[in-house]
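Walk me through this structure, one region at a time. Please give the cut-offs behind each term as it comes up.

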Amino acid sequence: MAENIEKFLNRVAEVAEQSTLVKMTLSKPANKHDDLRNIYVKPVLIKGKRLFAFTYHYERRDEVKNYDAAQMLEILREMLPERFLNAVLFTVSEDVTLLVSSKGKATIQTKKVQESRAQNLDHDKQKNRLLNPANPWWYQLGLTTREGKITADMQHKFKQIYKYAEIVESLVKPMKFDDTVHIADMGAGKGYLTFALHELLTQRLNLDVDIKGVEIRSDLVLKINEIIQSDHLKGLEFVESSIEAYHPEKLDVLIALHACNTATAIASGIKAGADLIVCAPCCHKQIRQEMERSGRFDAITRYGIFLERQAVMITDTIRALILEYFGYKTQVMEFIEMEHTPKNVLLVGRKTSKNAKDPKILQQIEDLKAQYGIEKHYLETALGLKL
Ligand SMILES: C[S@@+](CC[C@H](N)C(=O)[O-])C[C@H]1O[C@@H](n2cnc3c(N)ncnc32)[C@H](O)[C@@H]1O
């Protein structure tokens, strides 16, 4: 009996240590005349310190006090079963219920939860954050401390991730989805942006998602899938595949950021009829080599750095024009501040109902290529365009 209370307290200690406690309630006062009716506990992050906020609900007032894990356990030890006969601990993966009968018999029940749950360490000031660094995956991905504090060397990375989430939110919010949103993040790498996308879409926008992170490196795929499983994240999976070999049956959103073979990814997105395509400049080498080979340098491109930049611009301008040709409204957006990386733009294509295929667009592509001595843009080949 007392054994089960001890078991419950040990479980609380474990989940407090693992940062997987979502909330806890103490109810059913042992003395029905007790002024204290119940207690609600939730984890909070205050000045970078992980604490537990106890809301004491009295008959006519509430009182909130914050404690660290050791103090929390001390209070629970005093309260169970002297003041309360029921306690429920909600963790990211299970519910643990402690019931003490009027005769003092304690039983414990554990129930696995079907859907993933995340910790919410919101203190009042943090309510509207797009991403919550206290979610366990940010620690597991190596961006935060166990307490949910972004580490000094990951501050910049997190800023980038946050900015990305802001942009994606502005793009996805106006879209209408009737069902599960199918997303492929091609060349997903260490998964930072993929987890951000999942967190944003499921926790903030309440969407049902099926996100596939396509990544060629098996070590990354293995590691990330382990994190996904340990956090019980629904609708997120990493797939070991090259972008070239990945052909999704259904695709609503295509993301291809800073990976090779972006052109193939864009071609897959167009072929699958994705409603939204977001990619970053990459793979401008092919165009740069053609520009170099043609020897038709103008006053700008004879300077190496400018040649490089111009090749990036031409590559992405042709990509944008091809997207337009296939009925996408395109937009180029700034990704992060210039000082952090030269690859600071995102090319965004939003599918319209317009059946464009406008020959004037093809002419513009031809003119650009002629001007810079380019024979073919890889995306043309990938889409079988005959220019
Ligand atoms: C620079 S990381 C970018 C990660 C992430 N998209 C981001 O922007 O933070 C590029 C990732 O793409 C993967 N990659 C490169 N070429 C690929 C291909 N053809 N197919 C699948 N993955 C690829 C690499 O292994 C690497 O992990």
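Two strands pair if DSSP finds at least two bridges between them. Helices (H or I, at least four residues) and strands (E, at least two) are DSSP runs, numbered from the N terminus. The model is predicted: local features need pLDDT of at least 70, side-chain atom pairs count only at pLDDT 80 or more, and totals for chains, interfaces and linings use all residues. Residues are numbered from 1 along each chain as its sequence is written.

Begin with strand E14 (residues 345–351). Strand E13 (residues 328–334) runs antiparallel to E14, and seven bridges join them.

Now go to helix H1 (residues 2–18). Phe 8, Val 12, Val 15 and Ala 16 of H1 are buried. A residue is buried if 20 or more other C-beta atoms, placed from the backbone, lie within 10 Å of its own, exposed if 12 or fewer, and partly exposed in between. Seen down the axis, the buried residues of H1 fall within an arc of 105 degrees (taken from the directions from the helix axis to the C-beta atoms), so they line one face of the helix. An α-helix has 3.6 residues a turn, so residues three or four places apart point the same way. The face turned away from the buried side carries exposed Ala 2, Glu 3, Asn 10, Glu 14 and Glu 17. Just after H1, Ser 19 takes a positive phi of about 60 degrees.

Next comes Leu 141, in the loop between helix H3 (136–140) and helix H4 (155–172). Is Leu 141 buried or exposed? Leu 141 counts as buried because it has 21 C-beta neighbours inside 10 Å. Leaving aside neighbours within four places in sequence, Leu 141 is in contact (C-beta atoms, placed from the backbone, within 7 Å) with Lys 190, Gly 191, Tyr 192, Phe 195 and Ile 227.

Finally, look at the ligand. Of the 16 residues around it (C-beta atom, placed from the backbone, within 6 Å), Gly 187, Gly 189, Leu 257, Ala 259 and Cys 260 come nearest. Helix H5 (192–204) and strand E9 (209–215) are the elements that give two or more residues to this shell.

Terms used
Two residues are in contact if their C-beta atoms, placed from the backbone, lie within 7 Å.
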